[in-house]
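Hi everyone, thanks for coming. Let's bring the structure up on the screen and walk through it together.

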Amino acid sequence: MGNLLEVRFIVADVPQGVPVERIAAAEAGAKEAFAIELLRLGDISAGRSAEILGINRSQLSELMCEYNISTFDRTVMR
């Protein structure tokens, strides 16, 4: 197993009464943004990004389209 990285952040003044489901959705969105940004920057591969997110490559391809990330290796086109 490789290095482990724990990413944490603190949000102050979250209103009381925010449903647990919405907090869970926000946490999932933060994890998605983290993995997608590392992929966009070229720091991790698409396969590793899919692994972090717990999705298959087909699902990642759809997500990449949502974030306007090319599914083609740009180095091949140079």
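Let me start with a quick one for you: is Glu51 buried or exposed? Glu51 is exposed, with a relative accessible area of 56%. Please keep in mind that this is a predicted model.

Now, who does Glu51 pair with? Its salt-bridge partner is Arg48, at 2.9 Å from N to O. Arg48 is partly exposed, at 38% relative accessibility.

By the rule used here, there are three salt bridges in the count. Another one joins Arg40 and Glu37, where the closest N and O atoms are 3.3 Å apart. These residues belong to helix H1, residues 20–40, and because they are three residues apart there, about one helical turn separates them. Arg40 is partly exposed, with a relative accessible area of 37%, and Glu37 also counts as partly exposed, at 35%. Then we have Glu6 and Arg8, whose side chains meet at 3.2 Å, N to O; both residues are exposed.

Let's go back to H2 and look at how it packs. The axes of H2, residues 46–53, and H3, residues 57–66, come within 9 Å and cross at roughly 100°. That makes H2 roughly perpendicular to H3. On the H2 side, the contact involves Ala46, Gly47, Ser49, Ala50 and Leu53; they meet Arg57, Leu60 and Leu63 from H3. Sorted by class, that contact has five nonpolar, two polar and one charged residues.

That's my tour, and I'm happy to take questions!

Methods. Residues are numbered from 1 along each chain as its sequence is written. This is a predicted model: local features need pLDDT of at least 70, side-chain atom pairs count only at pLDDT 80 or more; totals for chains, interfaces and linings use all residues. Side-chain values use heavy atoms; hydrogens and water are left out. Axes are lines fitted to C-alpha atoms, for helices over the stretch in contact, and angles run from 0 to 180 degrees between N-to-C directions. Helices (H or I, at least four residues) and strands (E, at least two) are DSSP runs, numbered from the N terminus. Angles under 35 degrees count as roughly parallel, over 145 as roughly antiparallel, 65 to 115 as roughly perpendicular and the rest as oblique. Contact means heavy atoms within 4.5 Å. Ala, Val, Leu, Ile, Met, Phe, Trp, Tyr, Cys and Pro count as nonpolar, Asp, Glu, Lys and Arg as charged, and the others, Gly among them, as polar. A salt bridge is a side-chain nitrogen of Lys or Arg within 4 Å of a carboxyl oxygen of Asp or Glu. Buried means under 20% relative accessible area, exposed over 50%, partly exposed in between (1.4 Å probe, protein chains only).
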